Structures are given as C-alpha cells and as structure tokens.
Amino acid sequence: MRIVLLGPPGAGKGTQAALLAKRAGLAHVATGDLFRANLERGTELGKQAKGYMDRGALVPDDVTTRMVLERFKESDAADGFVLDGFPRTIPQAEALDAALAAAGQAVDHALLIEVGREELVRRLAGRWICRACQTPYHDHSAPPAKPGVCDACGGELYQRDDDRPEVVGARLDTYEKQTAPLAGYYERAGKLARIDGLGGIEDVAEKLGRAIGGPAAVAAAHVTVE
Ligand code: AMP
C-alpha cells in the first residue's frame, strides 16, 4: 500500500504517519526528518536545505524529489510506504506519480488531516521532538514522563528552530499557497479522503484506518510484508 499523508504543519502528520506505518508494516518516509538528519550530519544536501527551512520556505522540487526517490531504493520501502511531508507541490506530486508509474505502481490513498490555523499555532508552540528517534511530544496534549527526555528511547528532546512563532506564520502561508492545491489534485484522481484532525491520537488514527479500508486493510498491508 502506498499512502500520502497531507496536512498543514502541526496537523499531526508525523505522529499519525509513524503509527500507521508501524501498524501496517510500511516504511515511514518523512522528508522533514530526512532534511534534518542531513543538517545534523552537515551534508551538502543539508547545507542546501537549511536556508529554505530556516525561513519556512520549501526546498526546491528537484532536490527534494531526488532525495525521496533515493530513499525509495531502500529495501523497507519496496512493499509500500507512508509519505509524510511529500509531496508538497503539484510538480512533486507529478514526479511521484511518474516515478511510481514507471515501476507499475501508484499512490493508493491520499489522506488529508484538517486542523484550523489557530489550533495549529497552539500545537506548534508547545511541540518537542526527540533528537534521536524523532518521536514528537507536546507540553499539554502529550508530555513526556520526564521533562526533556524521550519516553521511547531516552533521547534528548528539543524544539525545532522553525517552530518559533516568527517562522510558523510563514510555514502556514507556504502550505496554503503551495501545498493545499494538492487536495484538488488527489481528489480529481479519486484518491483523497479528508480527516478531521481534532481529537486524541487514537481517534484520528482510527479515522485514518477507516479511510484506507478499516483495520482489516491495515492488517492486510502488514501480512504482505511479513
Ligand atoms: P516538516 O518537518 O515536514 O515540517 O518539514 C520541515 C521543512 O523541511 C519544511 O518547512 C521545508 O523547508 C522542508 N521540506 C520538507 N518536506 C519538503 C518537501 N516535500 N518539499 C520542499 N521542502 C520540504
């Protein structure tokens, strides 16, 4: 199964993509995480991406698409994936479709998690991420047992530079202008499902599971990779 998760920054894409990928036995491919890993390692790609990320803009399509197609070559992505943060523009979606079509594959579902702007700003301001395993936490809705320490792996929690209030507005504007049109793109292809992103993590996970065919579909995806 090949799934695209769409939604504005702060909608819960990262949390839900990780959960869905784990339950369905699919690879979780998060372009933001890939860029941040490159930044930490000081690679050429990381240096190229930094300026765009710092100001809440998108990294150019060709650089981003190349990185994703490289990631697809890893064995865990062979049977399917949950894409988190990609595509973010129409040209990226077209490049994805073309690359999959060349391999006789296609996106099966595009799931759009919808959350209002005021709630997004609130969520991003309280967000913490594990430096080691990328698990997200939130001051109010999902605090770690011990402040500053990841429950999952004991790693250090940090706040992303681009979650600062002065960058958040730009990221939300970028989303509206460049990424929101993807809803129409996938709707025309008959692949879009809109999911209300308010509610608890399990509530939203259940709605996403139903949109791809219910728990049986999630389990079936898992069986194919075992
Ligand atoms: P995220 O963690 O998904 O919020 O992504 C963090 C930042 O990485 C974004 O604000 C962009 O600067 C960059 N980025 C992530 N995914 C993409 C993409 N598909 N296209 C262009 N830039 C991206």
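Me: How is the handedness of a helix crossing read?

Reply: A crossing counts as left-handed if the near helix is turned anticlockwise from the far one by less than a right angle, and as right-handed if clockwise. In this predicted model, where local features need pLDDT of at least 70, side-chain atom pairs count only at pLDDT 80 or more, and totals for chains, interfaces and linings use all residues, α2 passes α3 in a left-handed crossing. Residues are numbered from 1 along each chain as its sequence is written, and side-chain values use heavy atoms, with hydrogens and water left out.

Me: Which residues of α2 and α3 make the contact?

Reply: Contact means heavy atoms within 4.5 Å, and helices are DSSP runs (H or I, at least four residues) numbered from the N terminus. Here G32, F35, R36, N38 and L39 of α2 meet L45, G46, A49, K50 and M53 of α3.

Me: How many residues surround the ligand, and which are the closest?

Reply: A residue is near a molecule if one of its heavy atoms lies within 4 Å of it. The ligand is surrounded by 16 residues, the closest being T31, A57, G85, R88 and Q92, and α2 gives the most to this shell, with 4 residues.

How values were computed: Helix = DSSP H or I, 4+ residues; strand = E, 2+ residues; numbered from the N terminus.
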